[in-house]
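Open the model in your viewer and keep the sequence panel beside it. This tour moves from one selection to the next.

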Amino acid sequence: MMLTLYAIPISLYCAKLRIVLRHKHLDWEEVPPPGGYGSDEYKALVPAGSLPALDHDGLLISDSEAIAEYLDEAFPDPPMLPGTAQDRAKLRELSRFHDTRLEPSVRALFSHIAKSKHEPEILESNWHSMLVRMGQITPLLPGETRPLTLADCGIPITMTWVDVLADHFGFADPATPELTEYLDGVSSHDAVALELADYTPKLKTWLDQQ
Ligand SMILES: N[C@@H](CCC(=O)N[C@@H](CS)C(=O)NCC(=O)O)C(=O)O
């Protein structure tokens, strides 16, 4: 059995998937996209050219959420979408909100990293849009600590970006008490703690180089 993850170290959605792989105690090989990020060679494998993608014994899957759900079905122990149909629907709601709303609002800040001083008004406006999304995700968060689920793998990585970007742009740390409590809870899982310990210094080094 062979799991190959097409990834680059700094990619947020690749880090999300490493949390799933770690939590399921799976061995995987990580390789950069053949031909480089955005290459035609990689687009022959993944038409959108997006990262991550997973090759499981010849089955190639892209999109982190499709991959995460596949891993949960192919390697069900421990289950990461547990409970009733209702419980799973709420977990998917949180996970999709992260992928389609919160993370893109953070991604919209990336273009300011190298030129933050040149467009302060647009930066402020994008930062505000991100704060709105953070406010909207808060009521979707579980109020109590629970086993790690698929919905808990992207949020700690995105919030690590928010943390280092706040520092980079000189904004106050925007995490709400509810988000902080939630992040403390998910970080108590080894898979999250190990990934954050590996990922955060790499992210900071990358940011310092921009
Ligand atoms: N919804 C996709 C988004 C993946 C994504 O945006 N990946 C970034 C790297 S973190 C990327 O590949 N961006 C370049 C592109 O989409 O062409 C997923 O969950 O896999």
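This is a predicted model: local features need pLDDT of at least 70, side-chain atom pairs count only at pLDDT 80 or more, and totals for chains, interfaces and linings use all residues. Residues are numbered from 1 along each chain as its sequence is written.

**Stop 1: helix H5**

Start with the exposed side of H5. Select Glu121, Ser125, His128 and Val132, which are exposed. Helices (H or I, at least four residues) and strands (E, at least two) are DSSP runs, numbered from the N terminus.

Now turn to the other side. Leu123, Trp127, Met130, Met134 and Ile137 of H5 are buried. They share one side of H5 because they cover an arc of only 75° around the axis. That arc is taken over the directions from the helix axis to the C-beta atoms.

What do the buried residues of H5 pack against? Show helix H4 (85–107), helix H6 (155–169) and helix H7 (177–187): these are the packing partners. Contact here means C-beta atoms, placed from the backbone, within 7 Å.

H5 covers residues 120–137, and its 18 residues at 1.5 Å each should span 26 Å; the end C-alpha atoms are 26 Å apart, which agrees. The expected span is 1.5 Å times one less than the number of residues.

**Stop 2: helix H7**

Move on to H7. Tyr182, Leu183 and Val186 are buried there. Look down the axis of H7: the buried residues fall within an arc of 100°, so they line one face of the helix. Pro177, Thr180 and Asp184 are exposed, on the face turned away from the buried side of H7. The cover over the buried residues of H7 includes H6 and helix H8 (190–209).

**Stop 3: the strands**

Select strand S3 (residues 53–56) and strand S4 (residues 59–62). They pair in the antiparallel sense over four bridges. Pairing requires that DSSP finds at least two bridges between the strands. Ala53 stands opposite Ser62 in S4, and Leu54 stands opposite Ile61 in S4.

S1 runs antiparallel to S3, and four bridges join them. Thr4 has Asp55 of S3 as its bridge partner.

Which residue of the S3 and S4 hairpin takes a positive phi? Asp57 does, near 50°, and the hairpin has two residues between the strands. Asp57 is a residue other than glycine. It counts as exposed because it has 8 C-beta neighbours inside 10 Å.

Stay in S1 and pick Leu3. Leu3 is partly exposed, with 17 other C-beta atoms within 10 Å. Leaving aside neighbours within four places in sequence, Leu3 is in contact with Leu26, Trp28, Glu29, Leu54 and His56. For a distance check, go to Ala151: its C-alpha atom is separated by 22 Å from that of Leu3, 148 residues apart along the chain.

**Stop 4: around the ligand**

Show the residues around the ligand: Ser11, Leu12, Tyr13, Ala48, Gly49, Ser50, Leu51, Asp63, Ser64, Glu65 and Asp99. A residue counts here if its C-beta atom, placed from the backbone, lies within 6 Å of the molecule. Helix H1 (12–23) and helix H3 (64–74) are the elements that give two or more residues to this shell.

Keep Asp63 selected. Asp63 lies in the loop between S4 and H3. Its phi is near 80°, a positive value in a residue other than glycine. Asp63 is partly exposed, with 17 other C-beta atoms within 10 Å.

**Stop 5: two cis peptide bonds**

Leu51 and Pro52 are joined by a cis peptide bond, with omega about 5°. Pro52 lies in the loop between H2 and S3. Then jump to Asp77 and Pro78, also joined by a cis peptide bond, with omega about -5°. Pro78 lies in the loop between H3 and H4.

**Stop 6: Pro34**

Finish in the loop between strand S2 (29–31) and helix H2 (40–45), the place of Pro34. Pro34 is exposed, with 11 other C-beta atoms within 10 Å. Not counting residues up to four places away in sequence, Pro34 touches Glu41 and Tyr42.

Conventions: Buried ≥ 20, exposed ≤ 12 C-beta atoms within 10 Å, placed from the backbone. Contact = placed C-beta atoms within 7 Å.
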